[in-house]
Amino acid sequence: MKHDAFVQFHPLPEAQPTLAGIAEEHVLGMARLGHLQEAGTWPWPVQSIPMPVLGGETDLLYECWHADQPCHRDRFQDIHYSRCGNALFGVLYLDEGTQLVDGQPPLQRATEHAYRQIFSLLRTAGLPYLCRMWNYIPDINRVEHGLERYRQFNIGRHQAFASFERPVDFSPAACALGITQGPLTIAFLAMNTPTLRIENPRQISAFDYPAEYGPRSPTFTRAAILQQASGELLLISGTASIVGHQTVHIGNVAAQTRESMANISVLVEQATQAGTQAGFTLQDLLYRVYIRHAEDYPAVRAELWQQVPGIRAVYLQSDICRQDLLVEIEAVASSQA
Ligand code: 3EB
């Protein structure tokens with residue numbers, strides 16, 4: 001019998017891809033955060049997220065996903081991936097092109113193509129359970145071919161789910177943010193066992209949003225718990241100032257930050273009830289905070305420090321998928337068995 005790989009998350013201490021004690025063969029992949037990026041090649045998949053780091057000592061940060069067994073690394077179509085036992089982490093970058101084909105805008109097609117590749121790889125690999133997706137979309141709020149690009153992205157993603165008969169209420173945790181340089185990039189983490197999916201009772205599930213947010217709903221769950229022999233990993237999706245399905249506190253970044261944290265608190269409570277272990281607190285989480293306007297950074301940081309003194313967070317300047325959202329927060333925590 002195969003044992004599950006134990007997947008772990010670590011922010012790396014320096015703006016260098018030094019591994020801080022993690023064995024190179026155990027590295028599933030990395031995220032690289034920072035605006036001005038030189039091209040680089042690594043033995044493992046790396047998702048470059050070209051966003052300015054706010055308030056940090058460095059303008060380039062790395063985060064590492066790793067396992068407890070050796071990884072096999074390969075390519076599948078446009079995907080660069082690592083497989084460690086029963087965990088698979090992959091990254092892809094896709095050029096959208098500019099052509100409408102069969103009336104479908106380029107971003108919608110590129111998104112569907114990307115998700116189909118991912119679903120094909122997971123089927124081939126026998127690891128069908130997506131835990132987490134990280135979506136970074138160029139010019140996410142721009143209207144093109146008569147529809148906002150985030151809504152085009154949602155149509156393409158939804159179509160790929162439908163083609164592969166993936167129920168939308170069985171979606172991964174996710175985030176979808178805007179970038180101002182570089183191509184569409186998607187990273188994902190998948191396993192051989194389903195995650196526990198957590199919804200937020202204060203919010204309508206994203207896959208049930210009404211049509212006013214676009215012709216196809218987003219396919220993500222509010223949080224997911226990955227249950228492993230050695231502990232639980234809680235993955236909280238991008239969380240914003242949304243109650244029900246509506247944006248609240250329009251124009252007020254401090255209040256939006258508080259509302260986002262209220263939503264995260266509820267997810268942490270739900271996760272603590274759903275999990276089998278000791279549970280999680282807001283203090284345990286490692287946060288990534290996306291801020292639309294760089295000048296809002298001090299206000300957002302002050303709010304967060306008030307709620308979670310000493311909060312461990314990385315702040316990035318980023319576009320957010322609804323024009324009226326000023327901040328979005330996601331987080332990861334692990335509880336050791
Ligand atoms: C929201 O709650 C805010 O489209 O994958 C958060 C997390 C958001 C994931 C996605 C979108 C996504 O609707 C936006």
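Predicted model: local features only at pLDDT ≥ 70, side-chain atom pairs only at ≥ 80, totals over all residues.
User: Which residues come nearest to the ligand?
Analyst: The shell around the ligand divides into nine nonpolar, one polar and three charged residues. Of the 13 residues around the ligand, those that come nearest are Tyr150, Arg157, Tyr209, Arg222 and Cys321.

User: What is the distance between an oxygen atom of the ligand and an N or O atom in the side chain of Tyr150?
Analyst: Tyr150 is among the residues that come nearest to the ligand. A polar contact requires N or O atoms within 3.5 Å. The pair formed by a ligand oxygen and a side-chain N or O atom of Tyr150 is separated by 2.5 Å.

User: How far from an oxygen atom of the ligand do polar side-chain atoms of Tyr209 and Arg222 lie?
Analyst: Both residues belong to the group that comes nearest to the ligand. For Tyr209, the distance from a polar side-chain atom to a ligand oxygen is 2.7 Å. For Arg222, the corresponding distance is 2.8 Å.

User: What share of the area that the ligand exposes when taken alone does the protein bury?
Analyst: Taken alone, the ligand exposes 360 Å². Of that area, the protein buries 100%.

User: Which element gives the most residues to the shell around the ligand?
Analyst: The elements that give two or more residues to this shell are α2 (149–163) and β11 (173–179). The element that gives the most, with three residues, is β11.

User: Why are the buried residues of helix α4 placed on the same side of the helix?
Analyst: In α4, which spans residues 297–307, Tyr297, Val300, Glu303 and Leu304 are buried. They are on the same side of α4 because the arc they cover around the axis is only 135°. In general, an α-helix has 3.6 residues a turn, so residues three or four places apart point the same way. On the other side of α4, the exposed residues are Pro298 and Gln306.

User: Which cysteines form the disulfide?
Analyst: The structure holds one disulfide. Two cysteine sulfur atoms must lie within 2.5 Å to count as such a pair. The sulfur atoms 1.7 Å apart are those of Cys71 and Cys84.

User: How many residues apart in sequence are the parts that the disulfide ties together?
Analyst: The disulfide is that of Cys71 and Cys84. Cys71 lies in strand β5 (residues 71–76) and Cys84 in strand β6 (residues 79–84), so the parts tied together are 13 residues apart in sequence.

User: Is the disulfide of Cys71 and Cys84 right-handed or left-handed?
Analyst: The handedness follows from the torsion about the S-S bond. That torsion is about 65°, so the disulfide is right-handed.

User: Are Cys71 and Cys84 buried or exposed?
Analyst: A residue counts as buried under 20% relative accessible area. Cys71 stands at 16%, and Cys84 at 0%. Cys71 is therefore buried, and Cys84 is likewise buried.

User: Which cysteine sulfur is nearest to that of Cys64?
Analyst: Cys64 is buried, at 0% relative accessibility. It takes part in no disulfide, and at 9.1 Å the nearest cysteine sulfur is that of Cys71.

User: Which cysteine sulfur is nearest to that of Cys321?
Analyst: Cys321 is buried, with a relative accessible area of 11%, and is one of the residues that come nearest to the ligand. Cys321 is in no disulfide, and the nearest cysteine sulfur, 10 Å away, is that of Cys175.

User: What is phi of Gln77?
Analyst: Gln77 is placed in the loop between β5 and β6. Gln77 is exposed, with 53% relative accessible area. Although Gln77 is a residue other than glycine, its phi is positive, near 50°.

User: Is Asp139 buried or partly exposed?
Analyst: Asp139 is found in the loop between β8 (129–138) and β9 (143–144). It has a positive phi of about 45° although it is not a glycine. At 30% relative accessibility, Asp139 is partly exposed.

Technical notes: Residues numbered from 1 in each chain as written. Heavy atoms only, no water. Near = heavy atom within 4 Å. Polar contact = N/O pair within 3.5 Å; in protein donor to acceptor, adjacent residues only side chain to side chain. Areas by Shrake-Rupley, 256 points an atom, 1.4 Å probe, with all protein chains shown as cover. Helix = DSSP H or I, 4+ residues; strand = E, 2+ residues; numbered from the N terminus. Nonpolar A, V, L, I, M, F, W, Y, C, P; charged D, E, K, R; others polar. Buried < 20%, exposed > 50% of the residue type's maximum accessible area, 1.4 Å probe, protein only. Arc of directions from axis to C-beta.
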